[in-house]
Amino acid sequence: MAAVMPAPAASRLLMSGNEAVSRAVWESGTKVCAGYPGTPATEMLEQLSTYPDLYTEWSVNEKVSLEVAIGASMMGARAFCAMKHVGLNVAADPLMTVTLTGAEGGLVIAVADDVGMSSSQNEQDSRFYARFAHVPILEPADSQEAYDMARYAFELSEEYQVPVILRLTARICHVKGLVKVGERVAHPPKGFTKNAERWVMVPGHAKRRIPLMLAREQELKRLSDKTPLNVLEPGSDRRVAFVTSGPAYMHVRESFPDAPVLKLGLSYPWPLEKVAALAEMADTLVVVEEVEPLLETELKAAGFSVHGKDFLPRIGELAPEVLAPAVEKLLRKESAPAPEAAQGVLANAPPLFPRPPTLCASCPHMGIYYTLSQLKNLTIAGDIGCYTLGAGHPWNSLDSTICMGASMGVALGMDKGRGEADKNKKILAVIGDSTFMHMGMQGLLDITWNRGNVTILLLDNGTVGMTGGQNTPANGRDIRGQSAPRIDFPRLVEALGVKKERIHVIDPYQLPVLFKTVRDETKIDDVSVIITNRPCVLIEEFKPFRPYVVQEEKCTGCGNCVEVGCPAIHVTRRDRVVKASGKEVDLAFTRIDSVACTGCGLCVQPCAPEAIVHFAPAGQVIPVVPA
Amino acid sequence: MPNTTNILVCGIGGQGVMTATEILSEAAIAEGHDVKKTEVAGMSQRGGVVTSHLRFGPKVLSPQIAPGTADVLLGFEAAEALRWSHYLKPGAMALVNDARLVPPVVELGLFKYPDDPIGEMKSRGVRTVSFDAATIARDLGDLRLGNTVMLGAIADQLPFSAEVLLDCIVKRFARKGEQVVEMNRKAFAAGREAAQAAVPA
């Protein structure tokens, strides 16, 4: 993204949590920002790349992004990195050691938990990492707090020489609220001071750093009882008192406006004295936290009698309509019955068809999955990206999805672990360009080095598609859209040990080529890599083609085009006929939505009666030979 | 919270649901309200369901609208309006574009799209006003005006005057020139008219 003039200080802006954090990072005089795209964290780095006077990068993965931030912090520069929850697993290795060296320039790690799993392979609670790494964690409850806490995080990091985790959830990242912003204050790096005992973490040095880390944790525990980020709000409704953090605070306040609440902004280490004071205010103490019963368990261990996940859901987001009835029910056991919750115009959601996300019209992945769905005897390890949608209808073509890059190792394991039952199976792996560079390359090296028999489909669409089209080393542009070295996949995979004759670059719109290449390569007992070369339809490299139409009089209702799975193809009429053999056949007559069609021609190829032609004005119908 | 207005906007990815809600938010801010706006989008860019929650008032806490508490529902697609109609409180109104966008899972014969989603809303007791935003926009000369038609439709159901909302639309399009602004004014007026004409007695 190109740099723009940031809004002046004291402006009150409608900002998402991600935008608010980015503004705060910029104002804090941060010099280096790194991250890898991932919902719901993506917009932090995206926004930061629009600010002047700082360095931003899309790193190839989250581990590298944290290492870049650590290096900058060592130079005394303020440094920031942002990632989604599963990204912190990837970055956990440097995290567990940088907690020993500590930070020099303020080092802030923003992690966005996809609570509710709108776009993730799991739901995990990043607050564990604060305990694991003995570092403080801040949890904002809305955009203004996201801004305030991000600014404070750098000060906290420098004061205690500690990396700080800023924990966001989807309901912070993507909620917009009003934020009052301030000035950017320069923060020139102090310079690197050589100190092997601090920065070179060999066992002898690390052993001396561990007591320092534990002492720091005790100091932070004392801070937790003093900081205004942890607020004890006394209330008049003394039936129940709450300990809460993050967006859950808003749900508590909305549901129980007059109850005593301990709102934790610095939620680890948590404030012992303040919890004890709260416990005096009501007979029932409830911990409201997303996702795991983490604080609840720790409070119980400290001797407090608390409720939490014994009656609140442990999966997904909390909300007033979840919280209020659950707490009322808990209290009812002890007191009089509560009034019924407000009823809407309908008691329940009307039963309806689902509308799952699907591949776009002309998506270069569609022909791949159509091909895979037509071939027999395949076992396919999938990966993380838009192409994970190939597991859905009508293709049903993925047999596994674990994490970024896992298709490689999983496929090799399938090959090595197969028994008699699977000896004739063809093992494939499907991975996108960005995922391959994130964590797939090492897996491929493992396959070639250990002589696996796997056919790899490397779907290069020149972007990180699922997160909205970020630049990657595969498209030759950096985060700001500037020209950058472009990776050459055929040469890369050859360097990783794949034989030159087993590497094919093909057009994924050409079904016969695709079909033949996949079939031939899966028959060969060796590692093959098939690379596709069409851009994502949502990036500027994609140029739409002339749309197609179905000639109504020629359509026989075979339904082959529907099996391609394109969202621009619609069924106009269904019928059931009995063939001469006595077999009943369902027919589906179709039309193409010419506004949505971008003319990839995939549906033209399986159309039995050649009824699909280029859209043209009346009287000028131009037949098209299947490509 | 009392004094909080809850507006739910729904549709599918790519229809402009988030932009429409953004403009509604700007109008609420212009009126001096505290505002929170949140999306439940998932992978909506890939044709999935998208809802946008807008809450405004003196002080907004939770950003989510609870089922049964929405004051207005603005539906960009017929079945999506039906899908979210249980969010409305009794007597609240749904303003619905009657477009039918049928997803591949229905075309594959795996699920059924309801024959008459708007009729179903009405028969379930939802005060429903429907209109054809695409045709209105096309008649004005540009399909892209559909979003402004939708905003015109909701304009008379807000706790502030329609002009406040229109001003925000005009501001947004000002840099595209007077002609674009004028087209949007017309689209806004046409949306208002269409909704008013369809209001049940």
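**Contacts between chains and domains**

Analyst: In this predicted model, the contact between the chains takes 44 residues from chain A and 50 residues from chain B.

User: Which element of chain B gives the most to the side that touches chain A?

Analyst: Helix 1 (17-30), strand 2 (34-40), helix 2 (78-83), strand 5 (88-97) and helix 3 (104-107) of chain B each supply at least two residues of that side. By class, the side has 27 nonpolar, 13 polar and ten charged residues. With six residues, the element that gives the most is strand 2 of chain B.

User: Within chain A, which helix supplies the largest share of the side of domain 1 that touches domain 2?

Analyst: Domain 1 of chain A comprises 12-189 + 200-226, and domain 2 comprises 230-332. Their C-alpha centres are 25 Å apart, and their contact takes 25 residues from domain 1 and 24 residues from domain 2. Several elements of chain A each supply at least two residues of the domain 1 side, among them helix 6 (127-133), strand 7 (164-169) and helix 10 (203-226). The largest share, five residues, comes from helix 10 of chain A.

User: How many charged residues does the side of domain 1 of chain A that touches domain 2 have?

Analyst: That side of domain 1 of chain A divides by class into nonpolar, polar and charged residues. There are eleven nonpolar and three polar residues, and the charged residues number eleven.

Technical notes: Residues numbered from 1 in each chain as written. Chains lettered and ligands numbered in written order. Predicted model: local features only at pLDDT ≥ 70, side-chain atom pairs only at ≥ 80, totals over all residues. Contact = placed C-beta atoms within 7 Å. Helix = DSSP H or I, 4+ residues; strand = E, 2+ residues; numbered from the N terminus. Nonpolar A, V, L, I, M, F, W, Y, C, P; charged D, E, K, R; others polar. Domains from an automatic or database assignment.
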